[in-house]
Amino acid sequence: MKALILLGCPEIPAQTPMAVYASNKLTKMGYDTTIAANPAASKLVRISDPEELYNLNLVDLERTLGEINEGDYDLLVGFVHKDAAASFFVTFDQILNTKSLALVFSRDMDEIEEFVSMIEESGSNALIATVRAFHNPSPIKVKFDKAIKEFE
């Protein structure tokens with residue numbers, strides 16, 4: 001089984017530790033996990049694992065978008081905290097046509113609602129977990145842990 005985690009702009013501090021956490025959790029669930037990230041997010045994730053204890057597989061987000069096909073991954077997990085992240089998630093979701101989880105978070109509830117609407121209006125069947133969070137990754141972790149049980 002293969003899982004793909006999507007990271008966009010690392011503007012929200014909680015995204016980086018959650019990416020490492022999610023990758024570790026999915027790997028322990030038996031997934032061969034890949035993180036597709038923009039260059040800044042990728043650098044932050046690499047620096048977060050200086051001794052490469054988590055054996056993180058990082059790839060370029062845009063390059064991966066140009067190379068993926070339906071069936072390449074069994075699970076898609078997207079960190080959605082900007083409209084661009086919502087757009088990337090929807091695009092990957094439509095191409096992969098697989099089980100998917102959108103972790104939608106922001107400090108602004110109006111933004112969360114906007115991102116959820118973007119995903120729902122795309123026709124996505126993704127499980128959407130929402131949480132008000134910015135600096136503290138714990139609320140996102142709680143939502144992720146609860147949501148990922150749907151895919152065990």
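1. Salt-bridge network. Lys-25, Lys-141 and Asp-145 are linked in a network of salt bridges. A salt bridge here is a side-chain nitrogen of Lys or Arg within 4 Å of a carboxyl oxygen of Asp or Glu. This is a predicted model, in which local features need pLDDT of at least 70, side-chain atom pairs count only at pLDDT 80 or more, and totals for chains, interfaces and linings use all residues. Residues are numbered from 1 along each chain as its sequence is written, and side-chain values use heavy atoms, with hydrogens and water left out.

2. Lys-25 pairs with Asp-145, with 3.5 Å between the closest N and O atoms. Lys-25 lies in helix α1 and Asp-145 in helix α6 (residues 138-148), so this pair ties together parts that are 120 residues apart in sequence. Helices (H or I, at least four residues) and strands (E, at least two) are DSSP runs, numbered from the N terminus. The other link joins Lys-141 to Asp-145 at 3.0 Å, N to O. Both of these residues sit in α6, four residues apart, about one turn of the helix.

3. Asp-145 is buried, at 15% relative accessible area. Lys-25 is partly exposed at 26%, and Lys-141 is partly exposed at 33%. The cut-offs are under 20% relative accessible area for buried, over 50% for exposed, and in between for partly exposed (1.4 Å probe, protein chains only).

4. By the rule used, the count is three salt bridges. One of them joins the side chains of Glu-11 and Lys-82, at 3.1 Å, N to O. Glu-11 is in the loop between β1 and α1 and Lys-82 in the loop between β4 and α4, so the pair ties together parts 71 residues apart in sequence. Glu-11 is partly exposed at 47% relative accessibility. Lys-82 is partly exposed at 27%.

5. Ala-22. This residue belongs to helix α1 (residues 15-28). Ala-22 is buried, at 0% relative accessibility. Leaving out residues up to four places away in sequence, Ala-22 touches Ile-5, Phe-79 and Phe-144. Contact means heavy atoms within 4.5 Å. The C-alpha atoms of Ala-22 and Ile-148 are 9.4 Å apart, although 126 residues separate them along the chain.

6. Helix α4. This helix (residues 83-96) has 14 residues and reaches 20 Å from its first C-alpha to its last, close to the 20 Å expected at 1.5 Å a residue. The expected span is 1.5 Å times one less than the number of residues. Ala-85, Ala-86, Phe-89, Val-90, Phe-92, Asp-93 and Leu-96 are buried in α4. The buried residues of α4 pack against β1 (2-7), α3 (61-67), β4 (75-80), β5 (99-106) and α5 (109-121). After α4 comes Asn-97, with a positive phi near 50°.

7. Cavity. The structure holds one cavity of 30 Å³ or more. About 40 Å³ of space lies in the largest cavity. Its lining is Leu-6, Leu-7, Gly-8, Leu-61, Phe-79, Val-80, Ala-85, Phe-88 and Phe-89. β1, β4 and α4 each give two or more residues to this lining, and α4 gives the most, with three. A cavity is a set of points on a 1 Å grid over the protein atoms alone where a 1.4 Å probe fits but cannot get out; lining residues have an atom within 4 Å of a point.

8. Lining by class. The largest cavity is lined by eight nonpolar, one polar and no charged residues. Ala, Val, Leu, Ile, Met, Phe, Trp, Tyr, Cys and Pro count as nonpolar, Asp, Glu, Lys and Arg as charged, and the others, Gly among them, as polar.

Technical notes. On a 1 Å grid over the protein atoms alone, a cavity is a set of points where a 1.4 Å probe fits but cannot get out, and a pocket is an open set with protein on both sides within 12 Å along at least five of seven lines; lining residues have an atom within 4 Å of a point. Grid points are joined across faces, edges and corners, and a volume is the space filled by probe spheres set on the points.
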